[in-house]
Amino acid sequence: MYLLADVIPNYSILVSVGIVVMLILIVSFLVAFNTSQRKKFQYNQNLLHLKEAQQNELIKAAVRSEETERHRISEELHDEVGALLSATKLYLSNLHDKSGHEDREIYKKSLELLDESIHKVRSISHNLHSGILKELGLNEAIHSFAQKLSQPGKLEVITELDNNYDSKNHENDISIYRVMQELCGNVIKHSHAKFLRITSHIENNILTFTIKHNGKGLTQEEFEKLRYQGKGLGLKNIQNRMILLKGKINFERSAHENIITLNIPVNALL
């Protein structure tokens, strides 16, 4: 016969073993669950990075395609339309000596219009072509573009750009230049501003551009909304280029002044 004293120790051992086994199972479950969650999180992160990389590649392809088309149009304007206008001016000049007084007045006016047309075609061609960036650099290209926007008595344009910026990546300079062109163009077309000021500076490896004007401006909320609409294609292009630059854009509107700020990591431009 087993005595009660002999049974109790055996029972205690079984209980202890059972508790240990349960603890091992619980710990094993927690470890397995934690490992599973980490793998799931890592998978989601990898998937997110893959989607982001694919999105960036699509944006790059779209930007390169746009830039290629700009170059094509620029060359056609310069080589074909510009050449035709110049030839027309030459033919018109040959008529000058054979014309009477009234015809000469018409000739003079026609020549003025032709000269203006040739100038505009060249200006548009230069704005479309990014060669000016290689020749002059980003700051001088922005300054040159901004001065063309200035209209005495209608719009005063001022540029104050930090000369310490020296990019080694031509494609990124093109993106910055196009963003500035689009933003300033929008100010001209939609804001009815009388004053436009463009500044830039580098601090803590961040290249910052600031556009200030006294016309009608956007808030950040309006920008986020409009860039997803069909008529907001220009704003969408701005956002796409800012994604490639790994930068941020912010719109502020007040009663007296509107401010557009671009923050671009300098390290991302190398």
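What follows starts with the whole chain and then goes down to single residues.

**The chain as a whole**

First things first: this is a predicted model. Its chain is built from seven helices and five strands. If you trace it along the sequence, the elements come in the order α-α-α-α-β-α-β-β-α-α-β-β. Of the 270 residues, 33% count as buried. The chain exposes about 18100 Å², and 58% of that is supplied by carbon and sulfur atoms. What about contacts across the sequence? Among contacts with a separation of 6 or more, 66% are accounted for by residues 24 or more positions apart.

**Helices α4 and α5**

Now zoom in on α4 and α5. Their axes come within 10 Å and cross at roughly 15 degrees. An angle under 35 degrees counts as roughly parallel, and that is why α4 is described as roughly parallel to α5. As for handedness, the crossing of these two helices is right-handed. Which residues make the contact? On the α4 side you'll find L138, A141, I142, F145 and L149, while α5 brings in D173, I176, Y177, M180, Q181, C184 and I188.

**Aromatic pairs**

How many aromatic pairs does a search of the whole structure find? It turns up two. A pair of aromatic rings is described by the distance of the centres and the angle of the planes. Here is how the two look:

| Pair | Distance of ring centres | Angle of planes | Type |
|---|---|---|---|
| F145 and Y177 | 6.2 Å | 75 degrees | edge-to-face |
| F223 and F251 | 4.7 Å | 25 degrees | stacked |

F145 sits in helix α4 (residues 138-149) and Y177 in helix α5 (residues 170-191), so their pairing ties together parts that are 32 residues apart in sequence. Both of these residues are buried.

The other pair joins a helix to a strand: F223 belongs to helix α6 (residues 220-226) and F251 to strand β4 (residues 248-253), so this pair ties together parts 28 residues apart in sequence. Are F223 and F251 buried or exposed? Both are buried.

**Two residues of helix α7**

Next stop, helix α7 (residues 233-244), where you'll find G234. With a relative accessibility of 18%, G234 counts as buried, since the cut-off for that is under 20%.

At 28% relative accessibility, I243 counts as partly exposed. From I243 to I264 the C-alpha distance is 10.0 Å, with the two residues 21 apart in sequence.

**Two positive phi angles**

Finally, have a look at a pair of loop residues. N205 is not a glycine, yet its phi is positive, at about 65 degrees. You'll find N205 in the loop between β2 (195-203) and β3 (206-213). Its relative accessible area is 45%, so N205 is partly exposed.

K246 is another residue other than glycine with a positive phi, in this case near 55 degrees. Where is K246 found? Look in the loop between α7 and β4. With a relative accessible area of 60%, K246 is exposed.

Definitions and conventions. Residues are numbered from 1 along each chain as its sequence is written. This is a predicted model: local features need pLDDT of at least 70, side-chain atom pairs count only at pLDDT 80 or more; totals for chains, interfaces and linings use all residues. Side-chain values use heavy atoms; hydrogens and water are left out. Rings of Phe, Tyr and Trp (its six-membered ring) pair if their centres lie within 6.5 Å; planes under 30 degrees apart count as stacked, over 60 as edge-to-face and the rest as tilted. Helices (H or I, at least four residues) and strands (E, at least two) are DSSP runs, numbered from the N terminus. Buried means under 20% relative accessible area, exposed over 50%, partly exposed in between (1.4 Å probe, protein chains only). Contact means heavy atoms within 4.5 Å. Accessible areas come from the Shrake-Rupley method with a 1.4 Å probe; for residues, only the protein chains shown count as cover. Axes are lines fitted to C-alpha atoms, for helices over the stretch in contact, and angles run from 0 to 180 degrees between N-to-C directions. Angles under 35 degrees count as roughly parallel, over 145 as roughly antiparallel, 65 to 115 as roughly perpendicular and the rest as oblique. A crossing is left-handed if the near helix is turned anticlockwise from the far one by less than a right angle, and right-handed if clockwise.
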